[in-house]
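Here is a brief report on one protein model. Look over the sequence and the fold before reading on.

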Amino acid sequence: MTEQTLNEYLDNTLTILNTKEPSPEEIVQIAVDVMETIRYRAKERHLEKINNIYDILLAKGLDLNKHITEYIFDDVIWIENTPVSIMLMKKFLEHGANPNLINPCEMESVFNYVDFAVGFDMFGVDTFMYNWLLLIAYGGRD
C-alpha cells in the first residue's frame, strides 16, 4: 500500500464513520481492519486521522474489553511507528481498556506479554518500553 493509498483508505474510513451508523459488529470489524492496515504502514503524519478514526469508533461503542479476542488492544504493541503505537495505547487505556484482561487466544494479558518482552529485552524496541510504562501507569500488574 502506497502513502497515497493509505491516506485514501484513512479518509474513506473517516467518511464512512461520519456518514453511516455502523452496527456493533461493523464497529469491531472497522477497528480490526484499520489496525491491520496501519500496523506496518502508519507514520507520524497519519496520527491525526488514526486518532480521529478511533475516537469515532470509541464514541460509537467500541468496547476494548469486550472485544479483546479481536486483537484490537493487543495489536497496538505491534504498530511499528512508536508515536502511533503510544498514542493508541494511551487512548485505549484512557477509554478503559484493561491491561490485565486475559486474552483467551494468547492465555495472557497485554501487560504480561509486554512485561516479559521488556524483562528479557527480547525485541530491543523502544515502543515496547514506552507501552510497558503506560500499561503500568494504568494498572498493569503481573
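In which helix does E48 lie? E48 lies in helix 3. Keep in mind that this is a predicted model. E48 has a relative accessible area of 59%, so it counts as exposed. Its C-alpha atom is separated by 10.0 Å from that of M87.

The largest nonpolar core holds 42 residues. Y54, L62, L88 and F92 have the most contacts inside this core.

| Helix | Residues |
|---|---|
| helix 6 | 126–137 |

Helix 2 gives the most, with eight residues. In soluble globular proteins, nonpolar side chains tend to be buried together.

Take L88 as one of the core residues with the most contacts. Leaving out residues up to four places away in sequence, L88 touches M35, I38, I50, Y54, V76 and I79. Y54, among these partners, is also listed with L88 for the most contacts inside the core.

The surface has a nonpolar feature too. M129, L133 and I136 form a nonpolar patch there. Together they have about 230 Å² of accessible area. I136 is found in helix 6. Is I136 exposed, partly exposed or buried? I136 counts as partly exposed because its relative accessibility is 30%, and the partly exposed class runs between under 20% for buried and over 50% for exposed.

Definitions and conventions
Residues numbered from 1 in each chain as written. Predicted model: local features only at pLDDT ≥ 70, side-chain atom pairs only at ≥ 80, totals over all residues. Heavy atoms only, no water. Patch = residues over 30% accessible without salt bridge, like charges linked within 9 Å, V, L, I, M, F, W, Y side chains within 5 Å. Areas by Shrake-Rupley, 256 points an atom, 1.4 Å probe, with all protein chains shown as cover. Salt bridge = Lys/Arg side-chain N within 4 Å of Asp/Glu carboxyl O. Helix = DSSP H or I, 4+ residues; strand = E, 2+ residues; numbered from the N terminus. Buried < 20%, exposed > 50% of the residue type's maximum accessible area, 1.4 Å probe, protein only. Core = buried A, V, L, I, M, F, W, Y, C linked by side-chain atoms within 4.5 Å. Contact = heavy atoms within 4.5 Å.
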